Amino acid sequence: MASTNNVTELIITGLFQDPEVQRVCFVLFLPVYLATVVGNGLIVVMVSVSKSLRSPMYFFLGYLSLVEICYSSTVVPKFITDLLAKVKTISLKGCLAQIFFFHFFVVTEILLLMVMAYDRYVAICKPLHYMNIMSRQLCHMLVAGSWLGGFIHSIIQVLNTINLPFCGPNVIDHYFCDLRPLFKLACKDTFVEGIIVLANSGLISIFSVTILVSSYAIILFNLRKRSAEGRRKALSTCASHITVVTLFFGPAIFIYMRPSSTFTGDKLVAVVYTVITPMLNPIIYTLRNAEVKNAMRKLWARKGNPGMGT
């Protein structure tokens, strides 16, 4: 920390100020978080143990679900416990750690969604070469690249922030630590730091959206030559992924790709992508995917009959 810092602890304003409303939020959000961990954890287990989920698509889905658990866990447990606290505090170092891990897992998820879009492109547009192109080695490299990309992005964000002087006030206007509300507490003009954050996040957003839109545009173009049944099957495999991408990018772009504001609406939108979306992803993939549903039935059957053979 810079030597001019005299702030070591931050007070978080939270989502709402009314204690009654906070207790209601606790009752609502605790089951949502538990469902997020259980639902995504179940997908990780199914992909690991089910012989019918060995394709690259499910390999990536398993890692996406793991990232969802980590990503949600950087924010939601503290947010939930803070709903019952009169004064919500976090150390400055803890705040920077939360920012690091939050951005790390968010960008890792973005890159994994891009990888999954590429996987669908190869499966639909180059079906005869699919297994040769999407080799196990390439799949591992793409996953490793996603984690590395998230790490590099997050390191840049934190190094851009760590030397800012904080000398008061120490009240952060959010329910978790993020860059924009933290910058407002710095004892200096943060215009340059804000530009770096915008450029870092903006380049990733533009690049990822371009790749995702291009992938599905090419897929739709190629589907024109297929039969109605072929189109239906191909689109059904993409529908879950498109839904997840929309739910993830919509709120995130609303928050990060526009001028800063102090609207409470920003916090409510942030609740969507930090609390709600991670819970919806396993539901979306399970309801729309027959193979995942069959694997889940077999897993429950095996659990109910431990002596039954595979």
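Buried means under 20% relative accessible area, exposed over 50%, and partly exposed in between, with a 1.4 Å probe and protein chains only. By that scale Arg 54 is partly exposed, at 43%.

A word on the source. This is a predicted model, where local features need pLDDT of at least 70, side-chain atom pairs count only at pLDDT 80 or more, and totals for chains, interfaces and linings use all residues. Residues are numbered from 1 along each chain as its sequence is written, and side-chain values use heavy atoms, without hydrogens and water.

Now the salt bridges. The term means a side-chain nitrogen of Lys or Arg within 4 Å of a carboxyl oxygen of Asp or Glu. How many does the structure hold? Five.

Take Asp 82 and Lys 78. Their closest N and O atoms are 3.2 Å apart. Both sit in helix α3, residues 76-82, four residues apart, so about one helical turn separates them. Helices here are DSSP runs of H or I, at least four residues; strands are runs of E, at least two; numbering starts at the N terminus. Asp 82 is buried at 8%. Lys 78 is partly exposed at 24%.

Next, Lys 267 and Asp 173. The closest N and O atoms are 2.9 Å apart. This pair links distant parts of the chain, 94 residues apart: Lys 267 is in helix α10 (264-287), Asp 173 in the loop between β3 (171-172) and α7 (179-183). Lys 267 is buried, at 8%. Asp 173 is partly exposed, at 36%.

Last pair: Asp 119 with Arg 120, again bridged, closest N and O atoms 2.9 Å apart. Asp 119 is buried at 1%. Arg 120 is buried at 8%.
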